[in-house]
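Keep the viewer open as you read.

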Amino acid sequence: MPPQPSLKSRVEGNVTAVAALERDVELMLRVRDGDTTCFALLLERHRGPVVNFLYRMVLNQAVAEELAQDVFLRVYRSRASYEPTAKFTTWLFRIATHLALNYIRDGKSEKGTGSLDEDVGDGLSIQVPDQSATVEQRMIREAKLQEVRSAIEQLPAKQKAAVLMHKYQEMEYSQIAGVLSCSESAVKSLLFRAYETLRMRLAHLA
Amino acid sequence: MDCPLHAKDTAEILLDYAGRRLNPEMAQLLERHMDQCEACHAFASAQRQVWDALDAWEPLEVSAGFDKNLFARIEREQSGGLLTRWWRRTVETLSLSWRPALPIGAAVLVVITGLLWNPHPLTEISKAGRHVENLDIEQVESTLADLEVLKQLNSGGADPAGF
């Protein structure tokens, strides 16, 4: 039985999460009022998650970073008219998802086995190597990672985005629905289909 | 507990359980159910494996120059290209000397509105009460020349935006 978080840690986590969300809105409102230092703080907080989300969508770090810069550029451009009608991260990831889906739709993402065979193929990917693992363990881990990346990459774009937000950004269904501009039940359908596909494709890794 | 797999609205608790996002009370209820429901047990197990596999994809480190490149792009955009700078100067010129420019601007606006709304400007009488029977191209040219004069008058002034 996988260990579930205790009630206390969940409540503490929720309080921290709510405080962080309010802080994001507060920072963005200050950016709206001309405080560029707050923009730098928002960038510091969300740079990593946005870049990694885009990297997992397009499988090329250089492209992901360029798209991520486009995201923050759009946030900065829109600062004068910013209104906190949704969570800041919902808005941020809506922009990121929109750019990623456009990029994929335009067919610029590199498809085929070549780009997934080695890290060099996806453009400057910089992962922290695990120094404690043996060579064999690293090879097995790398092979497993390639399978995961391939399985995710083959998902339809919207299913991929939903899975990445659900798994790696730990977003609730309602927030994913806000990002994808669809209903919560549509998000659940997307996720169920996506995870069903992943269960089939990754079953052999067990 | 009803079987979560039989209802779409409750099936996601199996995903939440596999992702360790279920509250302890609900997790216990679900585990009691899974002791008797092979389908839910198999679903949760398989989903747990997918979750563990996805955990292998660790986040990347963002390039060191990311922020620097972003701020450089923002600065380039704010300073703008030639056309953007000209437009900004024109707007600033008009805003700095808006009093004399106002009636001139209004005249230009009336002429443009007349052209857009009426394909036969020679026969239309303007709503402002001025009777314009013939489009006087010289009047338009004169107005544009006035704008140019205003621009020249202010060309040596301080730029509030610092450009």
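You'll find A:Asp24 in helix H1 of chain A. Helices (H or I, at least four residues) and strands (E, at least two) are DSSP runs, numbered from the N terminus. Before going further, note that this is a predicted model, in which local features need pLDDT of at least 70 and side-chain atom pairs count only at pLDDT 80 or more, while totals for chains, interfaces and linings use all residues. Residues are numbered from 1 along each chain as its sequence is written, chains are lettered from A and ligands numbered from 1 in the order in which they are written, and side-chain values use heavy atoms, with hydrogens and water left out.

So what does A:Asp24 touch? Leaving aside residues up to four places away in sequence, A:Asp24 touches A:Leu42, A:Arg45, A:His46, A:Phe88 and A:Thr89, where a contact means heavy atoms within 4.5 Å. With A:Arg45, A:Asp24 forms a salt bridge whose closest N and O atoms are 2.5 Å apart. A salt bridge is a side-chain nitrogen of Lys or Arg within 4 Å of a carboxyl oxygen of Asp or Glu. Since A:Asp24 sits in helix H1 and A:Arg45 in helix H2 of chain A, the pair ties together parts that are 21 residues apart in sequence. A:Arg45 counts as partly exposed, at 34% relative accessibility. The two side chains also make a polar contact (2.5 Å); that term covers a pair of N or O atoms within 3.5 Å, where within protein one must be able to donate a hydrogen and the other to accept it, and residues adjacent in sequence count only if both atoms are side-chain atoms.

Side chains of opposite charge can pair when their charged atoms come close. A search of the whole structure turns up 14 salt bridges over all chains. One of them pairs A:Glu83 with A:Arg32, the closest N and O atoms being 3.5 Å apart. This pair links distant parts of the chain, 51 residues apart: A:Glu83 is in the loop between H3 and helix H4 (88–105) of chain A, and A:Arg32 is in helix H1. A:Glu83 is partly exposed at 48% relative accessible area, and A:Arg32 is partly exposed at 31%. There's also a network of salt bridges linking A:Arg23, A:Glu26 and A:Arg30.

Two loop residues of chain A are worth a look for their backbone. Most residues other than glycine have a negative phi. A:Leu59 has a positive phi near 60°; A:Leu59 is in the loop between H2 and H3 of chain A and counts as buried at 8% relative accessibility. A:Glu170 is not a glycine either, and its phi is positive at about 55°. A:Glu170 is placed in the loop between H7 and helix H8 (173–180) of chain A, and it counts as exposed, at 57% relative accessibility.

Now for chain B. Helix H3 (residues 38–55) of chain B has 18 residues and reaches 26 Å from its first C-alpha to its last, close to the 26 Å expected at 1.5 Å a residue; that expected span is 1.5 Å times one less than the number of residues. Its buried residues include B:Phe43, B:Arg48 and B:Trp51.

How many residues does each chain give to the contact? Chain A gives 57 residues and chain B gives 41 residues. The area buried between them is about 4700 Å², with carbon and sulfur atoms giving 61%; buried area is the accessible area (1.4 Å probe) that two parts lose on being put together, summed over both.

Six salt bridges cross this interface. In one of them, A:Arg47 pairs with B:Asp67, the closest N and O atoms being 2.7 Å apart. A:Arg47 lies in helix H2 of chain A and B:Asp67 in helix H4 (residues 66–79) of chain B, so the pair joins two chains. A:Arg47 is buried at 14% relative accessible area, whereas B:Asp67 is partly exposed at 22%. B:Glu12 and A:Lys188 form a salt bridge too, with 3.1 Å between the closest N and O atoms.

Methods
Buried < 20%, exposed > 50% of the residue type's maximum accessible area, 1.4 Å probe, protein only.
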